[in-house]
Amino acid sequence: MNSTNSKKLIKGTNDFVIRFANVNGSGSASANNLFSKVVFRSGVPISSKNIFPSNIQGLPTWFEVRVNEAGYLGRRGGYDFIVAVNGQTMDRDYQDLLPGGYFFYDSSKRLPNHYQRTDIQLIGIPLTTICNEHYTEPRLRQIFKNIIYVGALAYLFDMDFSVFEASIKSQFAKKAKLIEPNIKALLLGYDYAKEHFTGCCGLNIHRRDLNGDQIQMEGNDAAGLGAVYAGATVAGWYPITPSTSVIEAFEKYCHKYRVDGDGKNKFAIIQAEDELAAVGIVIGASWNGARSFTATSGPGVSLMSEFLGLAYFSEIPVVLMDIQRTGPSTGMPTRTQQSDLLAAAYASHGDTKHVLLFPSSPTECFHMTVQSFDLAEGLQTPVILMSDLDLGMNVHQCDPITWDDAQIYDRGKVLNLQQLDELPERWGRYLDVDGDGIPYRTIPGTHSEKGAFFTRGSSHDEYAAYTEDGEVYAEGMQRLLIKWNTAKNMVPRAEISGNVSEMGVLYFGTSAYATEEALDTLRQQNDLDAIRVKAFPFGPEVDEFVKEHKQVFVIEQNRDGQMKTMIINELSTNPEKLISILNIDGMPITAQFLIDSIGQYLSPKTMQAVKQETAS
């Protein structure tokens with residue numbers, strides 16, 4: 001069926017959004033990832049989001065792909081092409097398609113009569129019928145149905161088929177007998193689409209050379225690798241989505257890089273009975289000198305809070321990776337959010353503050369993980385990497401990961417045997433010798449008489465002796481604040497762009513993808529400065545940015561404006577200066593949402609009012 005109708009269809013090359021609607025457990029992930037890899041290997045920038053259910057096999061799952069040769073890799077919003085092969089969601093998929101879009105469906109059965117849209121292009125390919133004709137085993141029929149629709153897309157988008165063939169051969173290099181059947185399935189779809197839908201689709205994917213040396217990687221995989229390169233040898237953990245794959249990656253890379261010549265493991269990964277025990281393992285290992293960490297999500301942070309307070313007050317290094325998901329309680333455990341900020345920053349009872357790092361890409365997940373260990377030991381305190389499900393479990397195109405073998409770990413203020421022997425005075429575990437709030441520590445067993453063999457989570461003096469003297473306790477708590485101020489100059493600095501406006505945008509974490517695209521659009525009509533915050537405590541540059549701007553839009557993926565609250569709390573900022581831009585639907589924020597939300601404040605009338613206020 002050739003299409004020559006006159007409806008206004010979406011057209012474009014290397015710039016559109018496609019959604020695959022599948023059933024969880026149907027094997028569609030491999031086919032969808034194959035499509036994504038081929039686009040990337042064709043030199044065209046691409047991003048993908050796997051939207052999967054938290055429950056059981058058989059529920060709906062979607063795979064959203066954005067192809068954009070301009071390099072915008074955040075969610076755009078809207079769908080130009082939908083592959084609808086899940087009967088449960090077909091009505092919704094049909095309605096979600098943008099006017100002028102393409103609705104690809106299994107035409108082995110007729111569409112229901114109420115599918116009457118005249119503003120879209122239908123592309124019906126009898127996937128089930130084709131499979132039944134060529135395969136006898138039910139499982140093969142299901143698996144190859146997915147490959148067949150990918151083959152049809154290869155024709156419809158005018159893609160280079162040789163890249164598909166090369167990708168199949170690469171994917172099944174160790175299972176050569178699967179290469180030919182997969183290529184055959186691709187051709188079944190390709191040839192059917194060629195015979196029946198010539199000239200039907202106005203969307204194309206043509207080869208470019210735009211990806212350079214970039215790679216594709218999940219944030220959790222990068223964090224697990226980062227822990228290995230940071231020198232971690234111990235992981236205590238309790239499984240919870242979406243953090244589990246951090247530990248799985250750490251184990252994978254440890255088996256590759258942390259095994260001695262005799263095949264003996266030089267690492268320990270301990271699955272605890274719960275999250276509190278998991279972080280307890282980390283505290284014990286770290287106190288004894290090992291670089292150790294744990295990974296969890298929001299509910300796990302809640303359970304770890306008591307021990308995080310112990311680590312803060314007894315001043316033991318801890319690295320925790322919080323892969324945030326949608327809360328509170330169980331919430332939507334397979335959706336993303338940035339809603340653990342307050343829980344993580346002030347975790348535990350009493351006056352407690354923790355260092356947070358906000359990675360925006362897998363590359364930053366790797367490097368910030370390494371930084372986390374240096375900061376935790378340098379400051380002798382918990383450091384929490386604030387990733388999220390979007391970053392952790394989706395494949396992102398990113399800069400390559402690099403490593404300098406000459407890099408030396410910063411173990412902080414650790415006294416060795418000789419230094420202990422040469423001390424002119426008695427060593428004090430909580431003595432602030434340098435005025436930066438950071439005491440010197442020892443590894444248990446370093447010295448038979450000097451040094452520490454225990455630590456103390458109850459009130460203590462500078463020599464770790466128990467005390468209930470209020471003045472001594474207060475002095476210790478004030479010293480921890482001095483350490484906090486020291487940390488402001490040790491954490492990663494924020495990135496600032498623009499210095500021309502009274503209006504600023506503040507963002508962090510995975511909001512970066514959509515925010516930077518939205519800024520490109522908004523700046524075509526408005527002056528707008530921006531700052532990407534990378535850490536808490538806020539460095540002096542964050543304080544200056546907020547003070548220098550009349551109004552600051554704070555972009556967050558939570559309901560209550562938690563970053564805004566932290567800015568007000570920590571920088572004593574007038575709340576009226578900050579405007580929250582909030583997304584809470586569990587999906588990664590989109591550039592269009594930001595353009596619409598910020599744009600309403602940037603009308604000429606609003607801008608004039610800001611300028612008049614500034615002048616007065």
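The following questions and answers go through a predicted model of one protein chain.

The model is predicted, so local features need pLDDT of at least 70 and side-chain atom pairs count only at pLDDT 80 or more, while totals for chains, interfaces and linings use all residues. Residues are numbered from 1 along each chain as its sequence is written, and side-chain values use heavy atoms, with hydrogens and water left out.

Student: How many helices and strands are there in the protein chain?
Tutor: Helices (H or I, at least four residues) and strands (E, at least two) are DSSP runs, numbered from the N terminus. By that count the protein chain has 20 helices and 24 strands.

Student: What radius of gyration does the protein chain have?
Tutor: The radius of gyration is taken over C-alpha atoms, and the globule rule is 2.2 Å times the number of residues to the power 0.38. For 616 residues, a compact globule would come out near 25 Å. The chain agrees with this, because its value is 27 Å.

Student: How many residues of strand 4 are buried?
Tutor: Buried means under 20% relative accessible area, exposed over 50%, and partly exposed in between (1.4 Å probe, protein chains only). On one side of strand 4, Pro 60, Trp 62, Glu 64, Arg 66 and Asn 68 are buried, and on the other Thr 61, Phe 63, Val 65 and Val 67 are too. The strand covers residues 60-68, and the number buried is nine of nine.

Student: How many bridges join strand 2 to strand 4?
Tutor: Two strands pair if DSSP finds at least two bridges between them. Strand 3 (residues 46-51) is one antiparallel partner of strand 4, over six bridges. Strand 2 (residues 15-23) also runs antiparallel to strand 4, and Val 23 stands opposite Pro 60. The bridges between strands 2 and 4 number nine.

Student: Is Val 163 buried or exposed?
Tutor: Val 163 lies in helix 5 (residues 161-171). Contact means heavy atoms within 4.5 Å, and Val 163 touches Val 38, Arg 41, Ser 42 and Arg 207, not counting residues up to four places away in sequence. Its relative accessible area is 7%, so Val 163 is buried.
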